[in-house]
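These are my notebook entries on a structure that I had not examined before. I record below what I looked up.

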Amino acid sequence: GPLAQLSLTGGEPFIRPELIEIATAFLTHTHARWVTIPTNGWFSERVERALDVLTARFPTSNFRVVLSVDGIESQHDVERQAPGSWQRLCETYAAVDRLRRRRENLVLDANTVYSSRTQAHVLAILRALDERFAFDNLSLTYTRGRLRDRALEPTSHEPYQRARQLILERARRDEGRAL
């Protein structure tokens, strides 16, 4: 049968000019039901073009684009260490949002990494995302494992638990997929 889930990750997947061809090869042979592609949102035009082609070419596959958001406005730029990141993320959001309105097989999510640098404002990030955007889902990734920079390890679990509860209480879009 078909592959249940295909994740096309990186680094940044959309930096690859042949991402459409790579995804097409995988989907042609696996018939994946769900495809997840996380992105920092830097390459708005590439993201929009790839999703436009892929969602049309594979209408029985459900695509999930996950924008990585580590802060709001200038805070995001600081966390990403790349001026203009917030603006590019917003442009990518707008492009994918327009496409999502035309394609039933496209979901637009946001993910925030929970680390020592985001723990103090993680709730504010999630609330701002909910107020300013219409993401289908919000998620939180807890920093763990063997980190190169041990200073990124969270110092408290309490903000994570509150953020997790906020996400659980938030309405999810009915995607027809198991939680």
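I sorted the lining of the second largest pocket and found three nonpolar, three polar and four charged residues. Here Ala, Val, Leu, Ile, Met, Phe, Trp, Tyr, Cys and Pro count as nonpolar, Asp, Glu, Lys and Arg as charged, and the others, Gly among them, as polar. Among the lining residues I noted Asp70, Glu79, Arg80 and Arg117. The volume of this pocket is about 160 Å³.

I noted the basis of these entries: the model is predicted, local features need pLDDT of at least 70, side-chain atom pairs count only at pLDDT 80 or more, and totals for chains, interfaces and linings use all residues. Residues are numbered from 1 along each chain as its sequence is written, and side-chain values use heavy atoms, with hydrogens and water left out.

I next looked up the largest nonpolar core, which has 44 residues; such a core is a set of buried (under 20% relative accessible area) Ala, Val, Leu, Ile, Met, Phe, Trp, Tyr and Cys residues joined through side-chain atoms within 4.5 Å. Val35, Val69, Leu129 and Phe135 touch the most other members. Helix α5 (residues 122-132) gives the largest share, six residues.

I then checked two backbone angles. Most residues other than glycine have a negative phi. His31, not a glycine, has a positive phi of about 50°; His31 lies in the loop between α1 (19-30) and β2 (34-39). Gln81 also has a positive phi, near 55°, and sits in the loop between α3 (74-80) and α4 (85-100).

Methods: Buried means under 20% relative accessible area, exposed over 50%, partly exposed in between (1.4 Å probe, protein chains only). Helices (H or I, at least four residues) and strands (E, at least two) are DSSP runs, numbered from the N terminus. On a 1 Å grid over the protein atoms alone, a cavity is a set of points where a 1.4 Å probe fits but cannot get out, and a pocket is an open set with protein on both sides within 12 Å along at least five of seven lines; lining residues have an atom within 4 Å of a point. Grid points are joined across faces, edges and corners, and a volume is the space filled by probe spheres set on the points.
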